[in-house]
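Hi,

Here is the structure I promised to pass on.

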Amino acid sequence: MTDATAPARPPKALNARRSFWLKQLHQWHWISAALSLIGLLLFAVTGITLNHAAQIPAEPVTVEQTATLPAPLLERLETFPAETIDPVPEAVARWASDAFKVRIAGRPTETTADEIYVALREPGGDGWLTIDRATGEALRERTTRGAVAWLNDLHKGRNTGPVWYWFIDVFAAACVVFAATGFALTWMHARQRPSTWPLLGLGLLIPAVIALLFIH
């Protein structure tokens, strides 16, 4: 039997197949939408705030705290290398947590013969802790730049730690599923919506023209 004489697939089978894929696509579309909705809002809003960062006022606030390392812990630092990037001893890290409410356990240091320096970077701000190796005097400084700067750094993944790093990847994958299933649903309904392909083409054309003509 040739292709010309092969029986056409029954409309009922075509409808069943189309119904199956529509059901699957709708399910994955709404699931991915639910998973990515809050993240999409966050990244859309912070995309605007990042684009207008120069126009959004941010008043840095700097706070300093001082304390003195107890003598037994200062003696323990005598055996700490004169130059290293190793974290401070666990006992010193616990003392810093109690005195300044900071976590320096496991963090690399910039240690010299005179002092131990620990960078304490965070979203929307910066900070550091120093310990004078001769006197035990410790200084903690923290600078914050407000809620908008904090949200902008979440958008960029700046100083946010490994959990947020992986969240961004999972969120991005959910957005890909959301966009891909949305495109598939658009394609399946395109016959009933004549403006589908012109609008999709326009969505591609506008950024392409802007990139080619106005980005230098």
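Apart from neighbours within four places in sequence, glutamate 137 is in contact with Ala67, Thr130, Ile131 and Asp132, where contact means heavy atoms within 4.5 Å. Glutamate 137 sits in strand β5, which covers residues 137-144. Its relative accessible area is 48%, so glutamate 137 is partly exposed. On that scale, buried means under 20% relative accessible area, exposed means over 50%, and partly exposed is in between, using a 1.4 Å probe and protein chains only. Serine 32 is 105 residues from glutamate 137 along the chain, and their C-alpha atoms are separated by 52 Å.

Before you read on, please note that this is a predicted model: local features need pLDDT of at least 70 and side-chain atom pairs count only at pLDDT 80 or more, while totals for chains, interfaces and linings use all residues. Residues are numbered from 1 along each chain as its sequence is written, and side-chain values use heavy atoms, with hydrogens and water left out.

Now for the whole chain. The protein chain has six helices and five strands, where helices (H or I, at least four residues) and strands (E, at least two) are DSSP runs numbered from the N terminus. Their order along the sequence is α-β-α-α-β-β-β-β-α-α-α. The protein chain is more spread out than a compact globule, because its radius of gyration is 29 Å, well over the 17 Å that the globule rule gives for 216 residues. That radius is taken over C-alpha atoms, and the rule is 2.2 Å times the number of residues to the power 0.38. Along the principal axes, the C-alpha trace spans about 95 × 45 × 30 Å. Of the 216 residues in the protein chain, 28% are buried. Among contacts with a separation of 6 or more, 55% are between residues 24 or more positions apart.

On to the helices. Helix α5 (residues 161-188) has 28 residues and should span 40 Å at 1.5 Å a residue; its end C-alpha atoms are 41 Å apart, which agrees. The expected span is 1.5 Å times one less than the number of residues. Buried residues in α5 include Trp164, Phe171, Cys175, Leu185 and Met188. In helix α4 (residues 147-156), the buried residues are Ala149, Asn152, Asp153 and Leu154.

A few backbone angles may interest you too. Glycine 157 follows α4 and has a positive phi, near 70°. Asparagine 159, in the loop between α4 and α5, also has a positive phi, about 55°, although it is not a glycine. With 29% relative accessibility, asparagine 159 counts as partly exposed.

Which loop holds lysine 101? Lysine 101 is in the one between α3 (90-100) and β2 (110-111). Its phi is positive as well, near 60°, in a residue other than glycine. Lysine 101 has a relative accessible area of 68%, so it is exposed.

Cheers
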